[in-house]
Amino acid sequence: MYKELGREPRSPGFQPPCSNPLDRTPPKVDRANPLSSASSPSSLSQQEVATKIKQTHSLTVLLKHRSEQLLAEYVRHQGEPFSSPDFQPPAMAVPGLPSPSVPPEAWLALSDEKRLWHLAMAYATLPGLLGSVRRQQADLNPLALELHRQLEAAARQCRGLAGNLEGIMGALGVPGPPPPSPSLGGPATSAFLAKLSGYHVCRLHRDWARRSHEALGLLHTKYPL
């Protein structure tokens with residue numbers, strides 16, 4: 001799985017020290033007036049920030065639904081063992097993409113700033129990974145046009161969510177993550193490994209969509225219109 005993504009393999013669950021937002025502490029934000037942060041926040045008004053958060057939360061509702069559809073459509077075209085009801089490969093890390101493996105209770109206990117940073121890191125990386133899967137599937141399943149369309153749409157939606165997150169974080173004075181690697185590596189060494197890497201990308205896309213829906217829902221309650 002790892003060679004086609006252009007990185008050396010790492011053991012499941014490994015997180016590079018600088019890629020996990022839980023290892024970084026975003027600057028503190030004045031919760032009574034989040035737009036007064038010392039991190040040069042944008043000039044959006046409180047009302048505009050609340051509107052942006054509501055719009056972004058609505059986008060996560062769509063993304064959550066579409067990500068589940070995408071994973072089902074992906075599995076449908078990969079054949080055995082992927083199409084088997086008993087197929088449950090262990091979770092594996094995708095280099096460059098943080099894993100949403102934090103337990104739900106711990107995730108909800110994080111500060112808004114850390115959740116946003118974590119989401120921004122994921123959504124800066126997902127469009128490129130989904131594009132890589134789209135290219136792999138064009139070779140492996142050239143007639144799976146609906147799958148190709150859903151992969152393209154997912155990458156586009158992730159870019160849109162990343163842009164919205166950037167705007168929200170700028171307004172709240174939360175620094176963004178470093179840019180993702182521009183290269184995703186060469187072709188897979190086998191069809192099975194290409195299918196497996198694509199499966200993990202689609203599954204992580206679904207898991208991050210769920211986390212983004214939770215996080216933006218919480219944020220929306222704190223910044224009502």
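Predicted model: local features only at pLDDT ≥ 70, side-chain atom pairs only at ≥ 80, totals over all residues.
Does phenylalanine 82 count as buried or exposed, and at what relative accessibility? Phenylalanine 82: buried or exposed? At 3% relative accessibility, phenylalanine 82 counts as buried, because the cut-off for that class is under 20%. The residue sits in the loop between α1 (46-76) and α2 (104-109).

**View 1. Phenylalanine 82 and phenylalanine 192 form a tilted ring pair.** The ring centres are 5.6 Å apart and the planes stand at 40 degrees, so the pair is classed as tilted. Phenylalanine 192 belongs to helix α5 (residues 191-222), and the two partners, 110 residues apart, link distant parts of the chain. With 41% relative accessibility, phenylalanine 192 counts as partly exposed.

**View 2. Phenylalanine 82 also pairs with tyrosine 199.** This pair is tilted too, at 6.3 Å centre to centre and 50 degrees between the planes. Tyrosine 199 lies in helix α5, so the pair ties the loop between α1 and α2 to a part 117 residues apart in sequence. Tyrosine 199 is buried, its relative accessible area being 6%.

**View 3. Ring pairs join Phe82, Phe87, Phe192 and Tyr199 into a cluster.** Searching the whole structure gives five aromatic pairs.

**View 4. Helices α3 and α4 are roughly antiparallel.** The axes of α3 (residues 112-140) and α4 (residues 145-172) come within 8 Å and cross at roughly 160 degrees. An angle over 145 degrees counts as roughly antiparallel, which is why the pair falls in that class. The crossing is left-handed. The contact of α3 with α4 comprises 21 nonpolar, two polar and three charged residues.

Methods. Residues numbered from 1 in each chain as written. Heavy atoms only, no water. Axes fitted to C-alpha atoms, helices over the stretch in contact; angles between N-to-C directions. Helix = DSSP H or I, 4+ residues; strand = E, 2+ residues; numbered from the N terminus. Parallel < 35°, antiparallel > 145°, perpendicular 65-115°, else oblique. Left-handed = near helix turned anticlockwise from the far one by under 90°. Nonpolar A, V, L, I, M, F, W, Y, C, P; charged D, E, K, R; others polar. Phe/Tyr/Trp six-rings, centres within 6.5 Å; stacked < 30°, edge-to-face > 60°. Buried < 20%, exposed > 50% of the residue type's maximum accessible area, 1.4 Å probe, protein only.
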